[in-house]
2 protein chains.
Amino acid sequence: MTRNPILLHDFQCQPAAYHSDQGAILEWIAAAHAQAEITLQKPATDEARETITRRLRKLVLRFGCSTDRIAYRNSALEDFTHTDWDRMRIFQLNQYPSGKPCGERSRFYSEISGAAFEQFYAGETEPPAVLIHVTCTGYVSPSGAQRLVANRDWGRSTEVIHAYHMGCYASMPAIRMAAGFVERGKARVDIVHTELCTLHMDPSQHMPEQLVVQTLFADGLIRYTVSRTEDGASLPKGLELIATREEIVPGTGEAMTWMVSDFGMQMTLSRKVPDYIRAGLGPFLDSLAASAELKAGQLFDTAIFAIHPGGPRIIDEIGEHLGLRPDQIQASNTVLGNYGNMSSATLPHVWKAILEDEAVPSGTLIVSLAFGPGLTIAGAILRKSG
Amino acid sequence: MTRNPILLHDFQCQPAAYHSDQGAILEWIAAAHAQAEITLQKPATDEARETITRRLRKLVLRFGCSTDRIAYRNSALEDFTHTDWDRMRIFQLNQYPSGKPCGERSRFYSEISGAAFEQFYAGETEPPAVLIHVTCTGYVSPSGAQRLVANRDWGRSTEVIHAYHMGCYASMPAIRMAAGFVERGKARVDIVHTELCTLHMDPSQHMPEQLVVQTLFADGLIRYTVSRTEDGASLPKGLELIATREEIVPGTGEAMTWMVSDFGMQMTLSRKVPDYIRAGLGPFLDSLAASAELKAGQLFDTAIFAIHPGGPRIIDEIGEHLGLRPDQIQASNTVLGNYGNMSSATLPHVWKAILEDEAVPSGTLIVSLAFGPGLTIAGAILRKSG
């Protein structure tokens, strides 16, 4: 029995409230690190303060993601638009060198995530059968998804699922879950990502890996729908789900970590991650292609690669490793350049860009790849339709 | 096309390391609240200290869950076995009146959850196709599930899913997810709950609702498998999945909350929750029964009710409201009495008890009910087999 394809469609994104160019953000982060250190060290002289400020600016500009990789990033926090530490919501660094502790970050997350759900569904009258909320940056119940359903009185039509704490690759388990719910008869599954990564910066942490993370991550809000296409209809505009796969690379448990800590959530990232990914990628792609009855080699010439920008260079490194042309990874690089790494919201932004790009013809295969703690490699093969 | 039933089976539980009787725990909690208040107030005289101690003991014994509801609770924390505040892992209340902040709780959670996964799979040679980790009490990546898969080199066979932050009812979305993965061709989906609720107590919070919560919750670790039964085989011992349903009761958003706060996770619980549940339960059960092609009335006479003990009286209140006999809610009351409220791990303990109870014949329907933030009512109809 052949069944109609399952489609990802109707992508909508919201930019977070504050749009900044990366140059300005790098200067802000340099000033924040200096202020955190000054609050900790309490230097007695102006000269000592200036030495700290100069040293930390140099470090941030040396290790931070440069403006040729990322041009802009968005944040829901007004904090990043000024350096008046007294009126910061989170980064009141003259009192709290790490920013405020977890509770205030949770409250802010709850406000912003709740407002994002209301805005995504402002014009919507039909409730989805399932609403999957994806995040790894804020854990508050009732969530924005639950409050939307309660406010709209959709509680007897819509089941809410939290797909939390799966890091940057979480769009993949979310679409696997969604496809499962569709198989079990749910007509329409909506997926909403609300990632507020910038909320979890700790400016008292000056290690190079922390500077990479802090200058790479940004906030992202995106919604899309997963459903089975109707009988007899020609395929509408969307991304047909062909295959999914997820692997954990052995012996890489400590390569990337993400946990609730004292001052928001904390990430660690080993410099070896790109090596681990390159080593695991070959067998991973062979198996992913095989589950779509393809050979990986067929994909390297013709598919578009939607690659999660886990680090500033990973898209280009994978492109080079697999021998891809620049046009095959262009959408990934454009999203990185315009938005930074929005954790799990990033890949859906790349999918949206590919779907809207008229230069990518219907029928094009899209190989999606993302990475996260585990070390996990997650992937999917999609096909553009409509 | 009729398909073979999906079965929940092979339940295994681990008691958390420290088993305490509720009377001893109530005295510990009284001492902890007194110490927290003494650390905050710094009373100058022995008399003032004794007044605080007496007042808080009275409050804890008045509002806490009494020993006639809960006889025993387990915790992974040694802290609860003594009152030498200096050598506490988390509840060093002579320095931290709320216990230590989030980071240390995450590290402890990670150790215990990791060890629990290792123990659950100590004798296992066959990897599951999907491993769903359920918790609302610890958010650390790599999780115990991811580390197990990495350590065993199961990374190319097993996909890990985190079903986090869905509160006490999370076994329901977990089995819905599992059933979806089975529909998509996964042969065996394992679900593991590691809930360390006792880690998130805050002894500086003396409000009656907090005293109820702190004297109700306990730690719970349980594992089970979801798979489709094989062709031609008679049904093995297990619980056949007949129907699932989840609803959010409108206008109840603030009735129950659960979020990451400064000192662990914090819960609020309105006294109106039992009223809201009673009001929502009738239509919920009608719809749940209808999706199994039954009438709710048929269930009230014959089914066993596996009811999550969200509060100390909710099982009996629902039993009374629906006109159930004591034997229909006995397994739920027994689990509450022997283990307390282990959040999402509770209902699976009730299922295990029903499955092992030879007085419950094969073919018996089991109506499962659980509650959580939203306010969410989640339910399932299962049928005992084998």
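A charge sits over a ring if NZ of Lys or CZ of Arg is within 6 Å of the ring centre and within 35 degrees of the ring normal. Keep that rule in hand for the first view. The model is predicted, so local features need pLDDT of at least 70 and side-chain atom pairs count only at pLDDT 80 or more, while totals for chains, interfaces and linings use all residues. Residues are numbered from 1 along each chain as its sequence is written, chains are lettered from A and ligands numbered from 1 in the order in which they are written, and side-chain values use heavy atoms, with hydrogens and water left out.

**View 1. An arginine over a tyrosine ring, in chain B and in chain A.**
B:R223 places its charged end over the ring of B:Y121, 4.1 Å from the ring centre. In chain A, A:R223 lies over the face of A:Y121, and here the distance to the ring centre is 4.2 Å.

**View 2. Aromatic rings that meet.**
A pair of aromatic rings is described by the distance of the centres and the angle of the planes. Rings of Phe, Tyr and Trp (its six-membered ring) pair if their centres lie within 6.5 Å; planes under 30 degrees apart are stacked, over 60 edge-to-face, and the rest tilted. Over all chains, the whole structure holds 21 aromatic pairs. One of them joins A:Y121 and A:W154 edge-to-face, with 5.9 Å between centres and 80 degrees between planes. A:Y121 is in the loop between α3 (102-120) and β4 (130-135) of chain A and A:W154 in the loop between α4 (144-152) and β6 (159-164) of chain A, so the pair ties together parts 33 residues apart in sequence. Helices (H or I, at least four residues) and strands (E, at least two) are DSSP runs, numbered from the N terminus. Both A:Y121 and A:W154 are buried; buried means under 20% relative accessible area, exposed over 50%, and partly exposed in between (1.4 Å probe, protein chains only). The rings of B:F11 and B:Y224 are stacked, because their centres are 4.9 Å apart and their planes are at 15 degrees. B:F11 and B:Y224 are both buried. Elsewhere, ring pairs link A:W28, A:F80, A:W85 and A:F91 into a cluster.

Find B:H133 in strand β4 (residues 130-135) of chain B. B:H133 counts as buried because its relative accessibility is 1%. Its side chain makes a polar contact of 2.7 Å with the side chain of B:Y164, and another, of 2.8 Å, with that of B:T194. A polar contact is a pair of N or O atoms within 3.5 Å; within protein, one must be able to donate a hydrogen and the other to accept it, and residues adjacent in sequence count only if both atoms are side-chain atoms. Leaving aside neighbours within four places in sequence, residues in contact (heavy atoms within 4.5 Å) with B:H133 include B:Y109, B:F117, B:I161 and B:V192.

**View 3. Where chain B meets chain A.**
Here 58 residues of chain B are in contact with 58 residues of chain A. The two chains bury about 4800 Å² between them, 56% of it on carbon and sulfur atoms; buried area is the accessible area (1.4 Å probe) that two parts lose on being put together, summed over both. B:R156, B:R184 and B:I248 supply 14% of the area that chain B buries against chain A, more than any other three residues. Between the chains there are 4 salt bridges, each a side-chain nitrogen of Lys or Arg within 4 Å of a carboxyl oxygen of Asp or Glu. B:E247 and A:R156 form a salt bridge, with their closest N and O atoms 2.6 Å apart.

**View 4. Salt bridges within a chain.**
The whole structure has 49 salt bridges over all chains. A:R69 and A:D316 meet in one of 2.6 Å, N to O. A:R69 is in the loop between α2 (46-63) and β3 (72-75) of chain A and A:D316 in helix α9 (residues 314-322) of chain A, 247 residues apart. A:K352 and A:E356 also form a salt bridge, at 3.2 Å between the closest N and O atoms. Both lie in helix α11 (residues 346-356) of chain A, 4 residues apart, about one turn of the helix. A:K352 counts as buried, at 16% relative accessibility, whereas A:E356 is partly exposed, at 47%.
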